[in-house]
Amino acid sequence: MPEGRQIPHHGEAIVLRTWPFHEADLLISLFTRDQGKVKGVARHAMKSRRRFGGALEPATQVRAHYTERPRQELVRFDQFEILWSPLTAPVDTLRLAALQLVTEVLEEAMPDLAADDNIYRLAVTVLTSIHSGTSSAPSSTKVSPQESGCPTSGFSDVGSHNVQGPQQIYLPVTYFCLWMNRLMGWMPELGHCSACGLDLRSQTVYWSPTADGVTCFDDRRATSASQASRALSASSVSESHRIARTPLADLLTEPWPPARSADLRAFAIATLERHLERRLRSATVLIA
Ligand SMILES: [Zn+2]
């Protein structure tokens with residue numbers, strides 16, 4: 001690239017986080033489809049509703065217009081257009097936590113300037129599926145057309161279903177965390193004991209927040225309370241296999257109350273936290 005040249009970009013992105021910057025500017029972290037995570041400055045963002053109005057809420061999917069500048073680490077954000085906004089549906093504590101979990105994990109897990117189309121589509125599919133729930137709406141969810149042959153074929157393109165209906169919090173969260181672990185290469189093999197090699201298929205397995213892999217009952221860690229192994233039931237292991245091969249829209253036709261596969265959700269979140277080496281603030285209300 002010739003020195004001194006500005007490079008314009010126009011593409012889909014998810015707003016991850018914003019920070020006040022100087023007087024009326026904002027520092028923004030954006031997960032773009034084409035370039036991965038990009039950080040930059042939106043000048044006068046607090047005042048310019050024309051260029052950014054309503055598009056700066058974390059989890060908003062936008063078409064972003066920005067400019068890479070020579071010898072500058074931060075890009076210059078010129079304008080965002082909203083493609084999908086989380087604010088078009090009611091936001092309660094649980095929905096907010098679920099939306100934040102997605103943006104928090106992307107912010108922590110994704111390196112700068114590393115595009116990942118599977119993770120981008122996963123995030124859009126999950127974000128647009130998270131609903132607080134409405135009492136008078138129909139209970140069906142729209143199934144988006146799928147490609148075939150790709151393990152992530154269930155991830156729809158551009159927020160396609162913004163339907164009202166029953167509460168959809170726990171399944172999208174579990175689905176997102178399991179798929180993030182898989183796509184990042186962090187998902188342990190659940191079929192065998194990592195200590196003795198015992199075949200654990202169709203059995204309860206044990207996992208520790210401080211160790212790799214899962215074990216049989218005899219090899220579980222029984223040290224201090226915070227490090228002790230926790231059980232993942234055979235039925236939850238089987239749900240994790242279903243989640244790996246079933247589009248989210250299909251799974252959402254079933255009821256997912258908080259207790260359903262709660263142990264799987266806790267396992268998926270703890271696996272993310274162990275690899276990110278930090279606790280996920282937004283996960284606290286979602287594990288209960
Ligand atoms: Zn064992």
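A residue is called buried if 20 or more other C-beta atoms lie within 10 Å of its own, exposed if 12 or fewer, and partly exposed in between, with C-beta atoms placed from the backbone.

1. Basis. This is a predicted model, in which local features need pLDDT of at least 70 and side-chain atom pairs count only at pLDDT 80 or more, while totals for chains, interfaces and linings use all residues. Residues are numbered from 1 along each chain as its sequence is written. Helices (H or I, at least four residues) and strands (E, at least two) are DSSP runs, numbered from the N terminus.

2. Gln 6. This residue lies in the segment before β1 (7-21). Gln 6 counts as exposed because 11 other C-beta atoms are within 10 Å. Gln 6 touches Thr 67, Glu 68 and Arg 69, leaving aside residues up to four places away in sequence; contact requires C-beta atoms, placed from the backbone, to lie within 7 Å. Between Gln 6 and Arg 69 there are 4.9 Å in space, C-alpha to C-alpha, against 63 residues in sequence.

3. Two strands are said to pair if DSSP finds at least two bridges between them. Strand β4 (residues 61-68) pairs with β5 in the antiparallel sense over 7 bridges, and His 65 has Gln 79 of β5 as its bridge partner. Strands β3 (residues 36-42) and β5 (residues 75-84) run parallel and are joined by 2 bridges. Gly 40 is placed opposite Val 75 in β5.

4. Positive phi values. Most residues other than glycine have a negative phi. Two exceptions sit on either side of β4, as follows. Ala 59, in the loop between α1 (49-52) and β4, has a positive phi of about 85°. Ala 59 counts as buried because it has 24 C-beta neighbours inside 10 Å. Arg 71 is in the loop between β4 and β5, a hairpin with 6 residues between the strands, and its phi is positive, near 55°. Arg 71 is exposed, since 6 other C-beta atoms are within 10 Å.

5. Helices α3 and α4. Helix α3 (residues 117-127) packs against helix α4 (residues 170-184) at about 175°, and their axes are 10 Å apart. Axes are lines fitted to C-alpha atoms, for helices over the stretch in contact, and angles run from 0 to 180 degrees between N-to-C directions. The angle therefore makes α3 roughly antiparallel to α4, a label used for angles over 145 degrees; under 35 is roughly parallel, 65 to 115 roughly perpendicular and the rest oblique. On the α3 side, the contact is made by Asn 118, Ile 119, Leu 122 and Val 126; α4 supplies Pro 172, Tyr 175, Phe 176, Trp 179 and Leu 183.

6. Strands β6, β7 and β8. An open sheet of 3 strands has the order β7-β6-β8, with antiparallel pairing. β7 (214-215) and β8 are at the edges, each with a single partner strand, so one side of each has no neighbour in the sheet. β6 and β8 pair over 3 bridges, and Val 205 has Leu 232 of β8 as its bridge partner.

7. Helix α7. The buried residues of α7 include Leu 264, Phe 267, Ile 269 and Leu 272, and also Arg 265. Among the elements covering the buried residues of α7 are α4, β6 (205-207) and β8 (230-232). After α7 comes Glu 277, with a positive phi near 60°.

Methods
Contact = placed C-beta atoms within 7 Å.
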